[in-house]
Amino acid sequence: MTDAVSATERVLDVREIPPQQRHEIIPRLFYNLQPGQGMQIVVDHDPRPLRYFLESVHGDDCQWNYLEQGPEVWRVELRRAA
């Protein structure tokens, strides 16, 4: 995977969004990605539980790539398999 952001790749900074809303928004956005499309999320902690959730629902269709790993900012690229 590449660290480059395509012109159409959404970057979602959820650090100011309450956790309950994050847990509703991110899976919905991922679900709406077309095969091969990706998005990035920016959070203030390791979003490992989100990874487990998405992998349990979408399996190998969810590709996960850490672009930045804390300690204060975590950036993850989520991509729907082509």
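**Close-ups of a salt-bridge network, a sheet and its helices**

**View 1. Arg 79 pairs up with Glu 77 in a salt bridge, with the closest N and O atoms 2.7 Å apart.** A salt bridge here is a side-chain nitrogen of Lys or Arg within 4 Å of a carboxyl oxygen of Asp or Glu. Salt bridges with shared partners tie Glu 9, Glu 77 and Arg 79 into one network. Arg 79 counts as buried because its relative accessibility is 19%, and Glu 77 counts as buried at 1%. (Buried is under 20% relative accessible area, exposed over 50%, partly exposed in between, with a 1.4 Å probe and protein chains only.) This is a predicted model, where local features need pLDDT of at least 70, side-chain atom pairs count only at pLDDT 80 or more, and totals for chains, interfaces and linings use all residues. Residues are numbered from 1 along each chain as its sequence is written, and side-chain values use heavy atoms, leaving out hydrogens and water.

**View 2. The side chains of Arg 79 and Glu 9 also meet in a salt bridge (2.6 Å, N to O).** This one links distant parts of the chain: Arg 79 sits in strand E4 and Glu 9 in the segment before E1, 70 residues apart. (Helices, H or I with at least four residues, and strands, E with at least two, are DSSP runs numbered from the N terminus.) Glu 9, like Arg 79, is buried.

**View 3. Four strands make an open, mixed sheet in the order E1-E2-E4-E3.** E1 and E3 are the edges, each with a single partner strand, so one side of each has no neighbour in the sheet. From one strand to the next, the twist averages 20 degrees. (Angles run from 0 to 180 degrees between N-to-C directions, with axes fitted to C-alpha atoms, for helices over the stretch in contact.) E3 and E4 run antiparallel, joined by seven bridges; strands pair if DSSP finds at least two bridges between them.

View 4. The buried residues of H1 are Arg 22, Ile 26, Pro 27 and Phe 30. They cover an arc of only 110 degrees around the axis, so they end up on the same side of H1; the arc uses directions from the helix axis to the C-beta atoms. Exposed Gln 20 and Tyr 31 are on the face turned away from that buried side.
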